[in-house]
Amino acid sequence: MVGSVQVGDGAPVSVQSMTTTKTDDVQATLIQIHELATQGADIVRVAVPHEADARALPLIVREGGVPIVADIHFSVRLAMMAVEAGVHALRLNPGNIRNPRHVKEVADAAKERRIPIRIGVNAGSLDKKLVAKYGRPTAEALVESALYEIGLLEEQGFYDIKVSVKHQNVPEMIAAYRQLADRTDAPLHLGVTEAGTPKQGVVKSTLGIGTLLAEGIGDTIRVSLTADPVEEVKYGKQILNALGLRKDTGDLVACPSCGRAELDVVALTEEVEAALEKMDLPPMQVAVMGCEVNGPGEARDADIGIAAGPGRGLLFSKGKQIGWVPHDRLVQSLLEEAQRIGDEIRAASGTTADGDGVVVTGAGRRPPTMSIGMGPPGE
Ligand code: SF4
């Protein structure tokens, strides 16, 4: 458990992100944590490089509203301050602390307070000896490092462990997690490290994280992006959504357009997407299709859909044909229907616009969970 969030052992895959503020700037950090939580972050990590950051933790933990992970690298003192502050997890590599007596001190304190520790092995900061042994930070090197770190904690009788083996190279990252999944039962935190800006980072993360999740490997994820961390949460949720592992974001189905399109599908879809983002609707699937050839099938299958024809488009709602609407009223009609369906979903589930429950599906590390269905919104 990371606070109230279960990680592993069949729990829904959780989405994490990390604040970019200076942690000792409590107000800025809390604002960002709240933004992340509002977007759907289940767990938020904060960097604790200095004592001032550690001193800020009690307030951040109390006011954060989501489980907080303190990212500690080398300092026993900061780790102990974080434990005292009541953080919900530590990210710490015992190998960095070196002195077994100090490792024991942290492990005992964390154990007493039931605070799990994530061991975070990273290709960029791998032990030089392992890099020398393998020639570069290979998947095998990352796994050897992770098993060594796990061993250091287990020697102290500490087993509440979560592990990551992040690499910036996607095939290497996938190989590392596959190997690690065969060697440990600890829950795995997935991520492609230093993935870059969303332009490249989303593709890398989707491939790395998505491939593993599709195989049933992974219990919690972070899409690391050189961007506002809110983007990390949005994309993380979309990955889980696309795999059917969670259902707490809407799904916009749109055709790519072609010579058959009866209107500007790209502009229409962008308009619909922007409007839907502002509407705070419960999760639903909306389809925007450019013609009457392939359009009606997809539009009918979605919760709401439009298939454009010459001068007008066919509006579908929950599989039923509602009627023809002129092009200049298509967006408005679709959004009105989306609102009506959204209100119906909320009324049926007893939730409000602010209080939508997250719809989740079981997704442990094994067996593969791709075929697990999704419950109704608000479940
Ligand atoms: S739905 Fe129609 S317009 Fe869109 S890509 Fe398919 S054939 Fe082309």
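How do the residues of the shell around the ligand divide into nonpolar, polar and charged? In this predicted model, the shell holds six nonpolar residues, three polar ones and one charged residue. The residues that surround the ligand are Cys255, Pro256, Ser257, Cys258, Arg260, Ala261, Met289, Gly290, Cys291 and Asn294.

A helix pair was examined next. Helix α9 spans residues 198–214 and helix α10 spans residues 229–242. The two helices pack at an angle of about 40°, and their axes lie 10 Å apart. Because of this angle, α9 is oblique to α10. The crossing of the two helices, α9 and α10, is right-handed. On the α9 side, the contact is made by Pro198, Val202, Ser205, Thr206, Ile209, Gly210 and Leu213. On the α10 side, Tyr235, Ile239 and Leu240 take part. Of the residues in this contact, seven are nonpolar and three are polar, while none is charged.

The average pLDDT is 89, and 92% of the residues score at least 70. Strand β7 (residues 189–190) has the highest confidence, at a mean of 98. The lowest confidence falls in strand β15 (residues 359–360), where the mean is 36. Over residues 355–379, pLDDT stays under 50. For this stretch, residues 355–379, the model has 72 contacts beyond four places in sequence.

Terms used:
Residues are numbered from 1 along each chain as its sequence is written. This is a predicted model: local features need pLDDT of at least 70, side-chain atom pairs count only at pLDDT 80 or more; totals for chains, interfaces and linings use all residues. Side-chain values use heavy atoms; hydrogens and water are left out. Axes are lines fitted to C-alpha atoms, for helices over the stretch in contact, and angles run from 0 to 180 degrees between N-to-C directions. Helices (H or I, at least four residues) and strands (E, at least two) are DSSP runs, numbered from the N terminus. Angles under 35 degrees count as roughly parallel, over 145 as roughly antiparallel, 65 to 115 as roughly perpendicular and the rest as oblique. A crossing is left-handed if the near helix is turned anticlockwise from the far one by less than a right angle, and right-handed if clockwise. Contact means heavy atoms within 4.5 Å. Ala, Val, Leu, Ile, Met, Phe, Trp, Tyr, Cys and Pro count as nonpolar, Asp, Glu, Lys and Arg as charged, and the others, Gly among them, as polar. A residue is near a molecule or strand if one of its heavy atoms lies within 4 Å of it. pLDDT is the predictor's confidence in each residue, from 0 to 100.
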